[in-house]
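Dear colleague,

I am handing over the structure shown here, with a summary of what was found in it. Please look through the sequence and the model before reading on.

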Amino acid sequence: MVWKNDQVSELETKKIIEVAKGQLNAHGDFVELGCYKGDTSLLLAEILRDSNKKLWIYDSFEGLPKKSMEDASVMGENFRGGELFATKREVKERFLRAGLPVPVIKKAWFSELKDEDLPEKIAFAFLDGDFYDSIRVSLRLVENKMCSGGKIIIHDYDNEALPGVKKAVDEWLLEKSIKKEVYQSMLVTAL
Ligand SMILES: C[S@@+](CC[C@H](N)C(=O)[O-])C[C@H]1O[C@@H](n2cnc3c(N)ncnc32)[C@H](O)[C@@H]1O
């Protein structure tokens with residue numbers, strides 16, 4: 001099963017499926033920070049269809065925030081504040097149309113999220129906030145909730161148009177000794 005995904009390449013999609021499926025027996029739920037229209041969320045919901053895990057997805061539903069200095073790139077000029085706007089309602093309707101369980105959908109800037117807005121334990125996290133601050137905050141939100149053996153995929157880690165992603169991840173990795181693999185533009189980490 002490979003859903004059409006406008007945001008993630010086909011190879012990356014296959015990798016997400018492989019990693020997420022591998023987490024079905026791990027302790028905790030699945031989360032996606034930065035869901036946009038829900039392409040990857042639908043994929044994750046399909047993977048979770050017969051499991052007792054929940055999917056939790058997060059977005060400003062106001063599009064991207066403003067860039068910081070760390071995000072400056074001539075190749076990424078099309079990524080601007082307000083781009084990638086989707087509504088919570090359209091995402092919810094896509095799940096209903098697909099006959100998939102509607103996930104927990106939270107509308108917030110990541111910096112406004114509290115500990116209790118995320119599941120107690122996380123088995124799989126997909127972080128796709130595009131910018132330095134968004135990824136930095138996402139990592140902080142999930143890091144202490146990951147189960148032993150939990151997996152985090154950070155999209156656009158190796159993407160010259162979005163240099164803030166790599167910067168935020170590399171700063172975070174400095175404090176950690178964890179297994180990691182770069183796959184296409186993504187960083188796959190195992191805790
Ligand atoms: C590239 S899109 C996500 C694509 C989605 N993961 C997929 O695979 O279809 C990035 C999303 O992150 C959201 N986003 C980025 N930074 C954010 C932040 N700091 N707080 C809330 N949402 C944010 C944007 O609104 C946008 O919808």
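Helices, of at least four residues, and strands, of at least two, are here DSSP runs, numbered from the N terminus. In these terms, the order of elements along the sequence is α-β-α-β-α-β-β-α-β-α-β-β. Please note that the model is a predicted one.

Regarding overall form, the chain has a radius of gyration of 15 Å, close to the 16 Å that the globule rule gives for 191 residues, so the chain is as compact as a globular protein of that length. The C-alpha trace spans about 45 × 35 × 35 Å along its principal axes. Of the 191 residues, 38% are buried. Among contacts in the chain with a separation of 6 or more, 74% are between residues 24 or more positions apart.

Helix H4 covers residues 132-143 and helix H5 covers residues 163-174. The two pack at an angle of about 30°, and their axes are 7 Å apart. The crossing of H4 and H5 is right-handed.

Which residues of H4 and H5 meet? On the H4 side they are Tyr-132, Ile-135, Arg-136 and Leu-139. Their counterparts in H5 are Gly-164, Val-165, Lys-167, Ala-168, Val-169 and Trp-172. Sorted by class, this contact of H4 with H5 consists of seven nonpolar residues, one polar residue and two charged residues.

With kind regards

Methods
Residues are numbered from 1 along each chain as its sequence is written. This is a predicted model: local features need pLDDT of at least 70, side-chain atom pairs count only at pLDDT 80 or more; totals for chains, interfaces and linings use all residues. The radius of gyration is taken over C-alpha atoms; the globule rule is 2.2 Å times the number of residues to the power 0.38. A residue is buried if 20 or more other C-beta atoms lie within 10 Å of its own, exposed if 12 or fewer, and partly exposed in between; C-beta atoms are placed from the backbone. Two residues are in contact if their C-beta atoms, placed from the backbone, lie within 7 Å. Axes are lines fitted to C-alpha atoms, for helices over the stretch in contact, and angles run from 0 to 180 degrees between N-to-C directions. A crossing is left-handed if the near helix is turned anticlockwise from the far one by less than a right angle, and right-handed if clockwise. Ala, Val, Leu, Ile, Met, Phe, Trp, Tyr, Cys and Pro count as nonpolar, Asp, Glu, Lys and Arg as charged, and the others, Gly among them, as polar.
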